[in-house]
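The sequence and the structure come first, and the description follows.

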There are 2 protein chains.
Amino acid sequence: MNVHIPPKDARAAPESVTTGPITGSRKVYASPKADPELRIPFREIGLSDPNEAPVRVYDPSGPYTESDAAIDLAAGLPPVREAWIAARGLDVAPGRPVKPEDNGNISAERLVAPCPATRTIREAACGQMVTQYEFARAGIVTEEMAYVAHRENLAREAALDGAGARLADGDSFGAEIPEFVTPEFVRSEIARGRAIIPANVNHPELEPMAIGRNFLVKVNANIGNSAVTSGAAEEVEKMVWAIRWGADTVMDLSTGRNIHNIRSWIIRNAPVPIGTVPIYQALEKVDGDPLKLEWEVFKDTLIEQAEQGVDYFTIHAGVRLRHVPLTANRVTGIVSRGGSIMARWCLAGHRESFLYERFGDICDIMRKYDVSFSLGDGLRPGSIADANDAAQFAELETLGELTKVAWDKGCQVMIEGPGHVPMHKIKQNMDKQLAVCGEAPFYTLGPLTTDIAPGYDHITSGIGAAMIGWFGTAMLCYVTPKEHLGLPDRDDVKTGVITYRIAAHAADLAKGHPAAKIRDDAVSRARFDFRWQDQFDLSLDPDTARAFHDETLPKDAHKVAHFCSMCGPKFCSMQITRELRAEAQAMGDNERLSLEAEAGMKEKTAEFLEGGGKLYVAAE
Amino acid sequence: MNVHIPPKDARAAPESVTTGPITGSRKVYASPKADPELRIPFREIGLSDPNEAPVRVYDPSGPYTESDAAIDLAAGLPPVREAWIAARGLDVAPGRPVKPEDNGNISAERLVAPCPATRTIREAACGQMVTQYEFARAGIVTEEMAYVAHRENLAREAALDGAGARLADGDSFGAEIPEFVTPEFVRSEIARGRAIIPANVNHPELEPMAIGRNFLVKVNANIGNSAVTSGAAEEVEKMVWAIRWGADTVMDLSTGRNIHNIRSWIIRNAPVPIGTVPIYQALEKVDGDPLKLEWEVFKDTLIEQAEQGVDYFTIHAGVRLRHVPLTANRVTGIVSRGGSIMARWCLAGHRESFLYERFGDICDIMRKYDVSFSLGDGLRPGSIADANDAAQFAELETLGELTKVAWDKGCQVMIEGPGHVPMHKIKQNMDKQLAVCGEAPFYTLGPLTTDIAPGYDHITSGIGAAMIGWFGTAMLCYVTPKEHLGLPDRDDVKTGVITYRIAAHAADLAKGHPAAKIRDDAVSRARFDFRWQDQFDLSLDPDTARAFHDETLPKDAHKVAHFCSMCGPKFCSMQITRELRAEAQAMGDNERLSLEAEAGMKEKTAEFLEGGGKLYVAAE
């Protein structure tokens, strides 16, 4: 595994990133019978027991985890969508010229060179269908929809084969998760606005994925340079590292210099959707003064980023002038950067937000490239005290109104959500979002369920994330241990992603997702069979699982031992149960055993004792 | 701070443990007006803002966190309950002589010396009142009940003074959390069996605490030597370290040699209740062969441990012969050590569990010392697949039956719970426990909400723990990152305790505990005011919070800076909001502002702009 060390020189072009398979897994591509031209990526975990089928898991990590990954960052990833997009007959755009302010007017000697990979820039003509929403509404199943359908099914078909029934129970709170995901199901969900496939026509490297509550719960990771300078190499590696551990989308929240050129490296090498908050860059272009913001500079930024291939934009159009006073008595005011910028802008001029007033124009631009909306929650609560207050819900209602406008304009939409919410207010949040936003996918940050544990906010928020994911949130934005305190490093990003994969999976299980329990059961069988290596390989983080085991029982022999360090060989309940089961089988089927037990029959005792009955278990 | 390094020689007597205050806090003792002879311990966090009152938090850490802690491990902690117990006129017992098998027949050269501290050994005569339950039923408020009442109230009285209303909303699912906790309320909860104060009359060093769903949610940490030998010094330090970070009780799950003598060191130095699983030691006494277990050796072990001062015993009396076949088709069989031992015993002889058949006798012994029952869930599920199955619920119903027997015998009772449970089955578990066990306190391990993340099971289970705590569990047994993989080290114990303190606090918040939100709000105000040091000091782990901040912004000047590393000085939403609020105040009260905003009045614009409006914020 090639572990990248960030260069000291932030200007340096990225040269290498982490590659190679996750320990114990291999990358596989499957071509479904119905769509043989598609190559759907999965991660396959092989098991040591010949009676155990390999377990296929969803894999957002892209070509980086292939065993012989040949990555050329300057060339970008293979444009897997190129032919599909080309066939749609979109206009080729001349491309907006890069301006000095796109990179923060940085001096030549500090300028990061852009990614040299070039792509045809496309846009839809007026009235020409381009978004997944428009195709879906027209009854057309795109390649992206078919890809997503096969990707979501995982090993569902094989695993359910013969079973004839769902593998899992659950309570989905009105979600409608199908037994099998078909391309037509994906189309219908998108047409109803209940799911999106963020897929800019200028991001052909994308491996399509869906966000919607009738699909697997997804996880977003944030990257981006900030107060502390970081360069393109570091940001690309952050993205590759985050998707390696399971991030389904990545938001680039950069606010510093070189923002345009760093983004070019990220997008050309991203197999996952990339999201941004365009107002951050627009603000950079007006020297950081929100009062200088106006429509033209914002519009220019939207086009700049849409042509680069950004897949979804956070747009804080719900922060209206009338909402600002509702935050005056909050404990923590406005904690969203975009929200505070817009509140400042509105209040300074006593005027309505230009994002709100120009919302139709924003839709028209985003539609041309199929950039999805992520309607920002600029007034989300920043503390337990402010959760579910009038400001938050007023904005949410405005977001619902804007969702319908965006749909009418042909755009894909999801809605951002809080933030900080105690457990008893989480469901109210989810229910309100579903009700006022017409079931458009909810995309929540956490929520944090208490404010008293800075340094552990991946956990305070992982609790809330699991719950809101169960209740219906489609994508969970991760929180790292450094939240509120500092910038996440490599370990923090991994911890944040894995914590959120736990939350997302716990949510899928609780919703009764037909395929979710397959992996839990495989881990449990491996555990019960003392197949230690299988248990490690099936886990979200095989390296850490093995390292923890090695700390107490480092010898390879212990990886096949029928006990573990917690109880030692004498007290192993699992081993005792295995012996019990063998005895039970020897004595006949369970029903008979049960009847015998009920009757208190004693005659079996002698033969049981004859057959052994020592509790000591010799280590092998 | 005196950080203990475990000695290489497991035989060594403990000499030192971690002492001194948590960073930013000081230990205080309060003597309530109504009970001036009591000294109730709290931890007080002083804040830098003179307008902010210090925050008092619940503190189970004992004298170890006093600033001038003078700890003499060989003498044991001061016996704060001695006078109360002495006044009850109990019999002085001669004390069961220590036998070689009590320490696993270990050779003299490997024997750990017992703690030299001696205490009067007491027991109740037949028919003499001794348990907190018996006193409560008789309408008598003990010193322990009064102590607990004041301890639970925290700063509630002062904080609510003048407010006239509860500080928090919440949904408590039928719990009856009072505005203020009075000694009489504690008595009534204990009399109803809804709470316990585990407090062996032979553990006079104990600072009494309550476990019940109308009190703060509690956390238990497990320690104990196991396959890997550890000595008395290490175990005592584990206990001190666990309570330092917030463990309310500690279970000693030792199974190795020297078990009796190590326990003497732990109990004599424990300000929290100590729990054990007596069958572990009983099994050691019969060479690890469960088929040799019988009533006499078990009874002898109960008396041995009760005389030492153990406060609660896990008794797996719910594993009946008839339940064993119900586990035959499980994915992970029986995962409780005690459960598997008893299942083996029952099946081998085709006979009913002696724990079940002798339950009345067990009650009689435990009552004499006021050892509380923790009725073990020997058939708890060990995987998502086995959650809430027939075996688990059959045992739970038996535990409900035994609860009533124990109450009739005058004993205090709590019930142990799972284990591994997906989110959608957690509430069913809680509701069933409340229904069949007459609201006796529930004490759950986790539960883990998925099996796919070994190495992160503090998180998979922290999610379940927060939820079941909200639904009504009274005490949460922690899970460390090493669960399923190895033995926890010092860092794992701390991570496990803090994760569970998060879960317990999130649960208290969601239940609407009147005092829980005080600390969240204090953190949030500190955050909004950029009082970084206050934010660190108020957090569950001040050292980690500060260290994380230092990684990105190490200078002391940054601890008062009006920005942080996430957004940097330009994009700080908190600072923007502070400026907004100042402007809003200058413009008049909120109502007026709101009306103005609604009316879209423009005339204020000029004066706002005149007053400044730059987004740049200079770092101080």
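## Overview of chain A

The secondary structure of chain A amounts to 22 helices and 15 strands. Helices (H or I, at least four residues) and strands (E, at least two) are DSSP runs, numbered from the N terminus. Of the 620 residues in chain A, 69% count as buried. Buried means under 20% relative accessible area, exposed means over 50%, and partly exposed is in between (1.4 Å probe, protein chains only). Among chain A contacts between residues at least 6 apart in sequence, 75% join residues at least 24 apart. Contact here means heavy atoms within 4.5 Å.

This is a predicted model, in which local features need pLDDT of at least 70 and side-chain atom pairs count only at pLDDT 80 or more, while totals for chains, interfaces and linings use all residues. Residues are numbered from 1 along each chain as its sequence is written, chains are lettered from A and ligands numbered from 1 in the order in which they are written, and side-chain values use heavy atoms, with hydrogens and water left out.

## Helix α6 of chain A

Helix α6 of chain A covers residues 232-244; at 1.5 Å a residue its 13 residues should span 18 Å, and its end C-alpha atoms are 18 Å apart, which agrees. The expected span of a helix is 1.5 Å times one less than its number of residues.

α6(A) is mostly covered, with 12 of its 13 residues buried. The buried residues include A:V236, A:M239, A:W241 and A:I243, and also A:E235, A:E237, A:K238 and A:R244. What do the buried residues of α6(A) pack against? They pack against β8 (218-223), β9 (249-252), α7 (259-268) and α16 (490-511) of chain A. Just after α6(A), A:G246 has a positive phi of about 125°.

## A residue in α16 of chain A

A:T499 is placed in helix α16 of chain A. Its relative accessibility is 0%, so A:T499 counts as buried. Leaving out residues up to four places away in sequence, A:T499 touches A:H458, A:G462 and B:I459.

## Two helices of chain B

Two packed helices are described by the angle between their axes and the distance between the axes. In chain B, the axes of helix α13 (residues 390-408) and helix α14 (residues 426-436) come within 9 Å and cross at roughly 30°. Therefore α13(B) is roughly parallel to α14(B). Axes are lines fitted to C-alpha atoms, for helices over the stretch in contact, and angles run from 0 to 180 degrees between N-to-C directions. Angles under 35 degrees count as roughly parallel, over 145 as roughly antiparallel, 65 to 115 as roughly perpendicular and the rest as oblique.

On the α13(B) side, the contact is made by B:Q392, B:F393, B:L396, B:E397, B:G400 and B:K404, and on the α14(B) side by B:Q428, B:N429, B:K432, B:Q433 and B:V436. α13(B) has 19 residues and reaches 28 Å from its first C-alpha to its last, close to the 27 Å expected at 1.5 Å a residue. Just after α13(B), B:G410 takes a positive phi of about 95°.

## Two further sites in chain B

B:C346 lies in helix α10 (residues 337-349) of chain B. With a relative accessible area of 0%, B:C346 is buried. Apart from neighbours within four places in sequence, B:C346 is in contact with B:V319, B:R320, B:L321, B:R351, B:E352 and B:S353.

B:Q128 is in the loop between β5 (122-123) and α2 (132-137) of chain B. Not counting residues up to four places away in sequence, B:Q128 touches B:R88, B:G89, B:L90, B:D91, B:E123, B:E134 and B:R367.

## Backbone features in loops

A cis peptide bond joins A:G446 and A:P447, with omega about 10°. A:P447 lies in the loop between β14 (442-445) and α15 (457-471) of chain A. In chain B, a cis peptide bond joins B:P418 and B:G419, with omega about -5°. B:G419 is found in the loop between β13 (413-417) and α14 of chain B.

A:N105 is not a glycine, yet has a positive phi of about 55°. Is A:N105 buried or exposed? At 52% relative accessibility, A:N105 counts as exposed. B:H484, also not a glycine, has a positive phi of about 75°, and lies in the loop between β15 (475-477) and α16 (490-511) of chain B. At 13% relative accessibility, B:H484 counts as buried.
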